[in-house]
Protein chains: 2
Amino acid sequence: MQRLLIMKYLLTHKTHPTADDIYNELSKRMPTLSKTTVYNTLKLLAESKACLALTLDEKNIHYDGDTTLHGHFLCKECMTIIDIPINEISLNREESSDYTVDSMEISFYGRCSACQKKRM
Amino acid sequence: MQRLLIMKYLLTHKTHPTADDIYNELSKRMPTLSKTTVYNTLKLLAESKACLALTLDEKNIHYDGDTTLHGHFLCKECMTIIDIPINEISLNREESSDYTVDSMEISFYGRCSACQKKRM
DNA sequence: ATTAAAATTGTATTCATTACAACTTTGGAC
DNA sequence: GTCCAAAGTTGTAATGAATACAATTTTAAT
């Protein structure tokens, strides 16, 4: 039940919340909710690819219910995360009129060839 | 002096070390080195863009002396980080014969329009 | 030689995340 | 309905990377 609420929260909020954010929101209406449940569930959902676990903020893991391919912009001042549609991404220096980008990171996750072989 | 050694270490090792990695290596030859110095210095270097602070591993910040545009691949099993040349990156599902990619993250960092304005 | 700024150090603290063990709920077998 | 194992949930305690802080040392300019 808690899991469903957490998943629903992710799908209806595009704010890229942290585990703590979600706990604070949901525990208002469900006072028995445990922080551990939120952490466990988010980990589970991310591992099963039902959501994304974003690591761009070095302080906290942020979660995203939108699993379609898109980028993110983190404002280093207010720490807000904004979605960047894939068609707006160029691999060269990004310069929008809205915001200034001073660095980018492109990360891939999976299993390397060595670990791949070990599995067989 | 310590700063120079740390910077030199980053430039001569393409292993994307963590602060701890660097401390462990350098303290062999410089037993008085402090962990705090390593953390402070890496933070400083990254802020001044002399190196990159990679956040793709949610457990540790990894540092990269190579500031040219390139991507990274993190093996979830052995936690090794491999460089991905920019010309090998396609924004569609990445499938190499060497390794399997099951997710990717494209992150931009800077200041949003609201925070931009506040500064003036 | 003096001295202020910069760099370095060690210890103590913070805080997000995880480990763990206990407890509760769920849903199928009978 | 009752029983029971598996799955889900909870609270507390532990972990560990990163930072705060205050003290000490080094640097370099005058």
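I count as helices the DSSP runs of H or I with at least four residues, numbered from the N terminus. I am working on a predicted model, where local features need pLDDT of at least 70, side-chain atom pairs count only at pLDDT 80 or more, and totals for chains, interfaces and linings use all residues. Residues are numbered from 1 along each chain as written, chains are lettered from A in the order written, and side-chain values use heavy atoms, without hydrogens and water.

**Entry 1: DNA strand C**

I looked up what surrounds DNA strand C, taking a residue as near if one of its heavy atoms lies within 4 Å. I found 15 residues, the closest being A:Ile61, B:Met1, B:Gln2, B:Thr32 and B:Thr37. Helix 3 (35–47) of chain A, helix 1 (2–12) of chain B and helix 3 (35–47) of chain B each supply at least two residues. Helix 3 of chain A gives the most, three residues. On the DNA side, 72% of the atoms within 4 Å of the protein belong to sugar or phosphate, the rest to bases.

**Entry 2: polar contacts**

I took N or O pairs within 3.5 Å. A polar backbone atom of B:Thr32 is 2.9 Å from a phosphate oxygen. B:Thr36 reaches a base oxygen instead, with a polar side-chain atom at 3.2 Å.

**Entry 3: the two chains**

How values were computed: A polar contact is a pair of N or O atoms within 3.5 Å; within protein, one must be able to donate a hydrogen and the other to accept it, and residues adjacent in sequence count only if both atoms are side-chain atoms.
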